[in-house]
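Welcome, and please take a moment to look over the molecule shown below. A guided walk through its parts follows.

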Amino acid sequence: MTIIDIAPWRLAMAYFLLAIPLGVILWQRIPILSSSLLAVVRMTLQLVFVGFYLQFIFDLNNPWVTGAWVVIMIAVADVSIARGCGLRLKRLAGALFLALLIGTLIPLVFFVFFVLQVHTTLNAQYVIPISGMILGNCLRADMIGIRTFYHSLKKSEKIYHLSLAQGAGMREALSPFIRDACQAALAPTVATISTIGLVSLPGMMTGVILGGGDPMTAIKYQIAIMISIFTGTALTVILAIHLTAFKNFTPFGTLDRSLFQTGGEH
């Protein structure tokens, strides 16, 4: 069994489906028409570029080039998280990059060295897609977790100050905010894990099946990647909050509002 290729003209037909979401946007006068069209154009150009580039990387199959591409992916995710949270990049970049690097590499290394066969461990065909799936989920979880932590703390800063005034240490006073942020960040992954196979057939499993693999092989891959994703998201969220917090509180233990892009009133 081999995968069925899609002819360019058949792929072009898929764009006719856009009439439905764009029609809903126009009908309800939702002010996202231009951003939606721009998103589709960007998606197309980015994926075409990545397709050509990944083919080059797969053919080259050099561990250093593969590693460099993973680092670039992490750097892009770093910038996307900071912007998506409405926080200043320079106040998060270094610590957030380290959190993403650790949270991606630990499950990735375990997956390729212990789950896959030895001869595939440094194969770009495996390393890049697996790291991309882990990092993509880490990005979403970090965006939720960091935004929840800092914006909830800003909104409920009086409660935090009261805890400090009553003798709590900074770590103890921040604990409820960290717990709520981690719960918000990990809840979507937990929900996905609990309903996988019943509500949806996830990307990796579908990809293996479309690529000619049998369903049981696809299931084994999916179980392994979901465990890796859960591990990565948990690591990156808790590390991102703790590592970024060092730079974003004043010496008096209060939140430095210059962290926010609009002077603390975002």
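In what sense, left-handed or right-handed, does helix 9 pass helix 10? The crossing of helix 9 over helix 10 is right-handed; a crossing is right-handed if the near helix is turned clockwise from the far one by less than a right angle, and left-handed if anticlockwise.

Before going further, a word on what you are looking at. This is a predicted model, in which local features need pLDDT of at least 70 and side-chain atom pairs count only at pLDDT 80 or more, while totals for chains, interfaces and linings use all residues. Residues are numbered from 1 along each chain as its sequence is written, and side-chain values use heavy atoms, with hydrogens and water left out.

**The overall picture**

The protein has 10 helices and 0 strands. Here helices (H or I, at least four residues) and strands (E, at least two) are DSSP runs, numbered from the N terminus. Its C-alpha trace spans about 70 × 55 × 35 Å along the principal axes. Of the 266 residues, 33% count as buried; buried means under 20% relative accessible area, exposed over 50%, and partly exposed in between, with a 1.4 Å probe and protein chains only. The accessible surface comes to about 15,900 Å², and 70% of that surface belongs to carbon and sulfur atoms. These areas come from the Shrake-Rupley method with a 1.4 Å probe, and for residues only the protein chains shown count as cover. Among contacts (heavy atoms within 4.5 Å) with a separation of 6 or more, 73% join residues 24 or more positions apart.

**How the helices pack**

Axes are lines fitted to C-alpha atoms, for helices over the stretch in contact, and angles run from 0 to 180 degrees between N-to-C directions.

| Pair | Angle | Axis distance |
|---|---|---|
| Helix 9 and helix 10 | about 150 degrees | 8 Å apart |
| Helix 6 and helix 10 | roughly 40 degrees | within 8 Å |
| Helix 6 and helix 8 | about 150 degrees | 8 Å apart |

Let us return to the pair we began with: helix 9 covers residues 203–210 and helix 10 covers residues 215–245, and they pack at about 150 degrees. That angle makes helix 9 roughly antiparallel to helix 10; angles under 35 degrees count as roughly parallel, over 145 as roughly antiparallel, 65 to 115 as roughly perpendicular and the rest as oblique. Helix 9 contributes M204, M205, V208 and I209 to the contact, and helix 10 contributes residues including P215, Y221 and I225. The contact residues of this pair divide into 9 nonpolar, 2 polar and no charged. In this count Ala, Val, Leu, Ile, Met, Phe, Trp, Tyr, Cys and Pro are nonpolar, Asp, Glu, Lys and Arg are charged, and the others, Gly among them, are polar.

Helix 6 (residues 124–155) meets helix 10 at roughly 40 degrees, which makes helix 6 oblique to helix 10. Their crossing is right-handed. Among the residues in the contact are N137, C138 and A141 of helix 6 and G232, T233 and T236 of helix 10. The tally for this contact is 16 nonpolar, 7 polar and 1 charged.

Helix 6 also packs against helix 8 at about 150 degrees, so helix 6 is roughly antiparallel to helix 8. This crossing, too, is right-handed. The contact includes A141, G145 and F149 of helix 6 and F177, D180 and A184 of helix 8. Its residues divide into 11 nonpolar, 3 polar and 1 charged.

**A closer look at T233**

Is T233 buried or exposed? T233, in helix 10, is buried because its relative accessible area is 0%. Leaving aside residues up to four places away in sequence, T233 touches N137, C138, A141, L186 and T189. One of these, L186, is found in helix 8 (residues 170–195). L186 and T233 are 47 residues apart in sequence and 7.1 Å apart in space, C-alpha to C-alpha.

**Two residues in loops**

Most residues other than glycine have a negative phi. R29 has a positive phi of about 55 degrees although it is not a glycine. R29 is found in the loop between helix 2 (19–27) and helix 3 (33–60) and counts as exposed, because its relative accessibility is 75%. N61 also has a positive phi, near 50 degrees, and is a residue other than glycine. N61 lies in the loop between helix 3 and helix 4, and is partly exposed at a relative accessible area of 32%.
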